[in-house]
Amino acid sequence: MDRATRNILKSWVEDDNETLPVRRATKEKMKSDSRESSSSRKKLKPNESDNSSKPTKKVIELETDPTTLQRRQKQIDYGKNTVGYHNYVKQVPIDQRTKDHPKTPDKYTKYSRRSWDMLIKLWRKKLHEYDTDVKQEYESYSEEDN
């Protein structure tokens with residue numbers, strides 16, 4: 001390599017050293033850098049959203065599948081064709097019903113299959129509280145046997 005080439009290479013290396021200073025990271029610098037970047041951001045809690053001041057309304061989806069609606073109606077009809085349902089309708093007028101009373105599930109609201117089955121199950125269990133005629137008949141049969 002001749003002298004001119006060496007000088008050119010030497011100048012390139014010097015230029016590179018001048019333009020790109022080597023920065024060595026120390027623990028203190030790393031801590032201060034991370035604090036600066038993290039303090040500028042607001043940390044959200046898992047249950048907190050950005051729009052906490054605005055109340056969010058959940059859009060209710062409607063069930064449109066005819067086979068699902070048919071199946072649901074059949075389950076509702078089975079529940080309404082019980083002694084407990086008829087006693088409930090007679091004993092509790094519509095205007096006196098509370099959220100503790102059995103409420104027929106809405107077949108048009110979109111539910112998963114499991115959720116719907118659980119709603120029907122709970123509704124039917126609450127209807128059984130009004131099966132007083134069946135309980136009285138059972139008790140009268142058991143008294144006759146003694």
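Which residues does E63 touch, not counting residues up to four places away in sequence? The list is T68, L69, R72, K107, Y108, T109, K110 and Y111. Keep that list in mind. This is a predicted model.

Start with the whole chain. Its secondary structure comes to six helices and zero strands. From the N terminus on, the elements run α-α-α-α-α-α. The chain has 146 residues, and 16% of them count as buried. It exposes about 13400 Å². Carbon and sulfur atoms supply 52% of that area. Now take the contacts in the chain with a separation of 6 or more. Residues 24 or more positions apart account for 71% of them.

Back to E63. This residue is found in the loop between α2 (27-39) and α3 (66-80). Is E63 buried or exposed? Its relative accessible area is 10%. Buried means under 20%, so E63 is buried. A polar atom of its side chain lies 3.4 Å from the backbone nitrogen of D65.

Y108 is one of the residues that E63 touches. Y108 sits in another part of the chain, the loop between α4 (83-91) and α5 (113-127). Its relative accessible area is 42%, so Y108 is partly exposed. Y108 also belongs to a nonpolar patch on the surface, together with I60 and L62. The three residues have about 350 Å² of accessible area together.

Next, the aromatic rings. A pair of such rings is described by the distance of the centres and the angle of the planes. How many aromatic pairs does a search of the whole structure find? It finds four. In one of them, the rings of Y88 and Y130 have their centres 5.1 Å apart. Their planes lie at 55°, so this pair is tilted. The pair links distant parts of the chain. Y88 is in helix α4, while Y130 is in the loop between α5 and α6 (132-145). They are 42 residues apart. Both Y88 and Y130 are buried.

Y111, which E63 also touches, has a ring partner too: W116. The ring centres of Y111 and W116 are 6.1 Å apart, and the planes are at 40°, so this pair is tilted. How do the two residues sit? Y111 has 31% relative accessibility, so it counts as partly exposed. W116 has 2%, so it counts as buried.

Finally, look for a cluster. Ring pairs link Y85, Y88, W123 and Y130.

Notes:
Residues numbered from 1 in each chain as written. Predicted model: local features only at pLDDT ≥ 70, side-chain atom pairs only at ≥ 80, totals over all residues. Heavy atoms only, no water. Patch = residues over 30% accessible without salt bridge, like charges linked within 9 Å, V, L, I, M, F, W, Y side chains within 5 Å. Areas by Shrake-Rupley, 256 points an atom, 1.4 Å probe, with all protein chains shown as cover. Salt bridge = Lys/Arg side-chain N within 4 Å of Asp/Glu carboxyl O. Helix = DSSP H or I, 4+ residues; strand = E, 2+ residues; numbered from the N terminus. Buried < 20%, exposed > 50% of the residue type's maximum accessible area, 1.4 Å probe, protein only. Polar contact = N/O pair within 3.5 Å; in protein donor to acceptor, adjacent residues only side chain to side chain. Contact = heavy atoms within 4.5 Å. Phe/Tyr/Trp six-rings, centres within 6.5 Å; stacked < 30°, edge-to-face > 60°.
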